Amino acid sequence: MLRSADCEVPSRTTMRLSGAVEQACCIVILLAHPDLRSPVTNQSLARQMGVSPTYITKVTRKLVTAQLITSARGAGGGFRLARASTELTLWDIVAAVAGAESFVQYQGVAERMFARQADDSKIKRGEVSILGAFDRAQACWAETLQTVTLQDIIRELMNNG
């Protein structure tokens, strides 16, 4: 298990990230490759990743908006990393593509389901307890991802290659 401050993180979790997050990670890893000499286009990325250029454009747009990569138009244009690989974390990529909002958006289901019960304070305490647990889990998750830089990933890839 990884340990980050007060967070114990299992080596395998059941949380699922979107394909866009995985693709974004692959894009920035490719852009950080030491042998890369020219910008990479959406067409090239789509071809390499086996996905539609339209979909890749959505992912790269989010990375550009978050200022993780830069974009240049025209002949010789394409994408490059906007920061050094030592300054870019996995959390930066996740937040750029999936957002940094809470895992859980409270919908008020418990209040509606147990509306006829006399003790609303128990429902509220349960809600606070559950949402608090998810908030703590998300804080640990984000904190752990903030400790892993793109350079760490590249170093691991190079050592295991």
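T149 is buried, at 14% relative accessible area (buried means under 20%, exposed over 50%, partly exposed in between, with a 1.4 Å probe and protein chains only). T149 sits in the loop between α6 and α7 (helices are DSSP runs of H or I, at least four residues; strands are runs of E, at least two; both are numbered from the N terminus).

This is a predicted model, where local features need pLDDT of at least 70, side-chain atom pairs count only at pLDDT 80 or more, and totals for chains, interfaces and linings use all residues. Residues are numbered from 1 along each chain as its sequence is written, and side-chain values use heavy atoms, with hydrogens and water left out.

**Two loops in contact**

Leaving out residues up to four places away in sequence, T149 touches S85, T86, L88 and T89 (contact means heavy atoms within 4.5 Å). S85 lies in the loop between β4 and α4. S85 counts as buried, at 14% relative accessibility. Beyond its neighbours within four places in sequence, S85 contacts A32, T149, L150, Q151 and I154. The side chains of S85 and Q151 make a polar contact at 2.6 Å. Such a contact is a pair of N or O atoms within 3.5 Å; within protein, one must be able to donate a hydrogen and the other to accept it, and residues adjacent in sequence count only if both atoms are side-chain atoms. S85 and D152 are 67 residues apart in sequence, yet 8.5 Å apart in space, C-alpha to C-alpha.

**Salt bridges**

The count is 2 salt bridges (a side-chain nitrogen of Lys or Arg within 4 Å of a carboxyl oxygen of Asp or Glu).

| Salt bridge | Closest N and O atoms |
|---|---|
| R83 with D92 | 3.4 Å |
| D152 with R155 | 3.3 Å |

R83 is partly exposed, at 29% relative accessible area. D152 is partly exposed too, at 29%. R155 is partly exposed at 44%. D152 and R155 are 3 residues apart in helix α7 (residues 150-160), so about one helical turn separates them.

**The nonpolar core**

The largest nonpolar core has 30 residues; V28, L63 and L81 touch the most other members. Here a core is a set of buried Ala, Val, Leu, Ile, Met, Phe, Trp, Tyr and Cys residues joined through side-chain atoms within 4.5 Å. Elements that each supply at least two of its residues include α1 (19-31), α3 (53-65), β4 (78-81) and α7. The largest share, 7 residues, comes from α1. Not counting residues up to four places away in sequence, V28 touches L63, I69, L81, L88, I93 and L150. In soluble globular proteins, nonpolar side chains tend to be buried together.
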